[in-house]
Amino acid sequence: MPDIAPHAPRAPGAPASADAAHIAAIVAARQHMPGALLPILHEIQDTQGFIPDTAVPVIAGALNLSRAEVHGVITFYHHFRQQPAGRHVVQVCRAEACQAVGAEALAEHAQRALGCGFHETSADGQVTLEPVYCLGQCACGPAVMVGEQLHGYVDAARFDALVRALRPSSNPSTAATAAEAEAQA
Ligand code: FES
């Protein structure tokens, strides 16, 4: 894989302004590799936190694709985000095995509890809710991923405890960690 200048992933909560120069460097480094589109999109999202609209014409021009083709791929894959995420990303599995054990009810609860739909962020900017289609925890569903941490057997109460642990507390001494939330749920 071609080398590009190192660029640290966006820290959670950091300003999410797209770095046009870095996006151009990612595209230039990968545009001649076979099947370059997906690696380019992954690299942009990993480093910028999302794929800004301004990246679409850059990618399309370099890969000799239409903007509609690039946009179509971005919107086809649930993984790709077109808006900056909140401070934390919570993914709820909506695939078949989790559906069979209550994932749809959990998905509805998650949207109510956060006050936002999937691919959206809670009004306080703390939590972005994303659907995911299998987290490899099919025997432990419903499965949820909070940041990089997997959780199985998540019901509404456990979901609420996990989200509560993400939010800043007015009294730090009572703030629960994610592990404590797991134990309490
Ligand atoms: S179906 Fe949900 S983890 Fe596999």
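The following conversation discusses the structure shown above.

User: What kind of model is this, and how are residues numbered?
Analyst: This is a predicted model, in which local features need pLDDT of at least 70, side-chain atom pairs count only at pLDDT 80 or more, and totals for chains, interfaces and linings use all residues. Residues are numbered from 1 along each chain as its sequence is written.

User: How many helices and strands does the chain have?
Analyst: The chain has eight helices and five strands. Helices (H or I, at least four residues) and strands (E, at least two) are DSSP runs, numbered from the N terminus. Read from the N terminus, the elements run α-α-α-α-β-α-α-β-β-β-β-α-α.

User: What share of the residues is buried?
Analyst: Of the 185 residues of the chain, 26% count as buried. A residue is buried if 20 or more other C-beta atoms lie within 10 Å of its own, exposed if 12 or fewer, and partly exposed in between, with C-beta atoms placed from the backbone.

User: Turning to the sheet, what is the strand order?
Analyst: The five strands form an open sheet in the order 2-3-1-4-5, with mixed pairing. Two strands pair if DSSP finds at least two bridges between them. The edge strands are strand 2 (120–121) and strand 5 (149–151), each of which pairs on one side only.

User: How do strand 2 and strand 3 run?
Analyst: Strand 2 and strand 3 run antiparallel and are joined by two bridges. Thr 121 has Thr 128 in strand 3 as its bridge partner.

User: Which helix packs on the sheet and touches strand 1 and strand 3?
Analyst: Helix 6 (residues 103–114) does so, and its direction makes about 155 degrees with that of strand 1. Axes are lines fitted to C-alpha atoms, for helices over the stretch in contact, and angles run from 0 to 180 degrees between N-to-C directions. Helix 7 (residues 156–166) also packs on the sheet, touching strand 1, strand 3, strand 4 and strand 5, and its direction makes about 10 degrees with that of strand 4.

User: And strand 1, is it mostly covered or uncovered?
Analyst: Strand 1 (residues 88–93) is mostly covered, with five of its six residues buried. Strand 1 pairs with strand 3 (residues 127–132) in the parallel sense over six bridges, and Val 90 stands opposite Leu 129 there. With strand 4 (residues 144–146), strand 1 pairs in the antiparallel sense over three bridges; Gln 91 has Met 145 as its bridge partner in strand 4.

User: New topic: at what angle do helix 1 and helix 2 cross?
Analyst: The axes of helix 1 (residues 20–30) and helix 2 (residues 37–48) come within 10 Å and cross at roughly 155 degrees. That makes helix 1 roughly antiparallel to helix 2. Angles under 35 degrees count as roughly parallel, over 145 as roughly antiparallel, 65 to 115 as roughly perpendicular and the rest as oblique.

User: Which residues make that contact?
Analyst: Helix 1 contributes His 22, Ile 23, Ile 26, Val 27 and Arg 30, while helix 2 contributes Pro 39, Ile 40, Glu 43, Ile 44, Thr 47 and Gln 48. Two residues are in contact if their C-beta atoms, placed from the backbone, lie within 7 Å.

User: Is Arg 30 buried or exposed?
Analyst: Arg 30 counts as buried because it has 22 C-beta neighbours inside 10 Å. The C-alpha atoms of Arg 30 and Glu 43 are separated by 9.9 Å, and these residues are 13 apart along the chain.

User: How are helix 6 and helix 7 placed relative to each other?
Analyst: The axes of helix 6 and helix 7 come within 10 Å and cross at roughly 40 degrees. Helix 6 and helix 7 are therefore oblique to each other.

User: Where is there a cis peptide bond?
Analyst: The peptide bond from Gly 141 to Pro 142 is cis, with omega near -5 degrees. Pro 142 is found in the loop between strand 3 and strand 4.

User: What is the phi of Asn 64?
Analyst: Asn 64 has a positive phi of about 60 degrees although it is not a glycine. Most residues other than glycine have a negative phi, and most peptide bonds are trans. Asn 64 lies in the loop between helix 3 (55–63) and helix 4, and counts as exposed because it has 8 C-beta neighbours inside 10 Å.
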